[in-house]
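The sequence and structure come first.

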Amino acid sequence: MAKVKPNALPWLVLSVVVIVLDQLTKYWVLTSLPEYTAIPVIDGFWNWYRTYNTGAAFSFLANAGGWQKWFFTILAIVICGTLGWWLAKTPRRDWRTALPFALVIGGALGNVIDRQIHGHVVDFIQWHWQEHYWPAFNLADAAIVGGAIGIALFGFFPAKKAK
């Protein structure tokens, strides 16, 4: 019988943590923050700002008429399935691969939950400098971006192999 090598699927626990934290913070936002009203956290830099995004990053396709809900849902599920399949083929000790994959999976599914329940994604973190505002985002978005940066960085700068 072939020896089974431990894979990186246990890293999906991190994905579940991201989803739970994302949904808890969005619940807090929906029950506590007024819509479209900036509430300063760090004056002149960071606000809580409840808003909604029917599109993707930077409101891409936000005004597309509704089909984008299903497009982004299917796209996220395909990406999560692919990353999950790669996790199954990744050695458990390879955190440089597993960590970013798990972050992207958790973030993507957190936003899928929003799209399916609300028809849009709830955003609430607003960063700005004076009058220059970054688009509002949420914890799921932060996990996706952090995971994507990890995939890119660790892809360009792979770990040195032990001799």
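## Terms and basis

A residue is called buried when its relative accessible area is under 20%, exposed when that area is over 50%, and partly exposed in between, with a 1.4 Å probe and protein chains only. Helices (H or I, at least four residues) and strands (E, at least two) are DSSP runs numbered from the N terminus.

The model is predicted: local features need pLDDT of at least 70, and side-chain atom pairs count only at pLDDT 80 or more, while totals for chains, interfaces and linings use all residues. Residues are numbered from 1 along each chain as its sequence is written, and side-chain values use heavy atoms, with hydrogens and water left out.

## Helix α2

Helix α2 covers residues 67–89, 23 residues in total, and reaches 34 Å from its first C-alpha to its last. This is close to the 33 Å expected at 1.5 Å a residue, where the expected span is 1.5 Å times one less than the number of residues.

The buried positions of α2 are Gln68, Phe72, Thr73, Ala76, Cys80, Leu83, Gly84 and Leu87. They pack against α1 (12–32) and α3 (95–118), a contact being heavy atoms within 4.5 Å.

The 18 residues of α4 should span 26 Å at 1.5 Å a residue, and its end C-alpha atoms are 26 Å apart, which agrees. Ala140, Ala143, Gly147 and Gly150 are the buried residues of α4. They cover an arc of only 85° around the axis, so they lie on the same side of α4; the arc is that of the directions from the helix axis to the C-beta atoms. What covers these buried residues includes α1 and α3.

α1 and α4 (residues 139–156) pack at an angle of about 145°, with their axes 8 Å apart. Axes are lines fitted to C-alpha atoms, for helices over the stretch in contact, and angles run from 0 to 180 degrees between N-to-C directions. On α1 the contact is made by Val18, Leu21, Asp22, Thr25 and Lys26, and on α4 by Leu139, Ala140 and Ala143. These residues divide into five nonpolar, one polar and two charged. Here Ala, Val, Leu, Ile, Met, Phe, Trp, Tyr, Cys and Pro count as nonpolar, Asp, Glu, Lys and Arg as charged, and the others, Gly among them, as polar.

## Aromatic pairs

Rings of Phe, Tyr and Trp (its six-membered ring) pair if their centres lie within 6.5 Å; planes under 30 degrees apart count as stacked, over 60 as edge-to-face and the rest as tilted. The count by this rule is nine aromatic pairs. One of them is the tilted pair of Trp48 and Phe124, at 5.8 Å centre to centre with 45° between the planes. The pair links distant parts of the chain, with Trp48 in strand β2 (residues 46–53) and Phe124 in strand β3 (residues 121–129), 76 residues apart. Trp48 is partly exposed at 22% relative accessible area, whereas Phe124 is buried at 2%.

Phe71 and Phe72 form an edge-to-face pair, at 5.2 Å centre to centre with 65° between the planes. Phe71 is partly exposed at 40%, and Phe72 is buried at 9%. Ring pairs also link Trp28, Trp46, Trp48 and Phe124 into a cluster.

## Positive phi angles

Tyr36 is not a glycine but has a positive phi of about 55°. Tyr36 is in the loop between α1 and β1 (39–42) and is partly exposed, at 46%.

Gln130, also a residue other than glycine, has a positive phi near 55°. Gln130 lies in the loop between β3 and β4 (132–133) and is exposed, with a relative accessible area of 52%.
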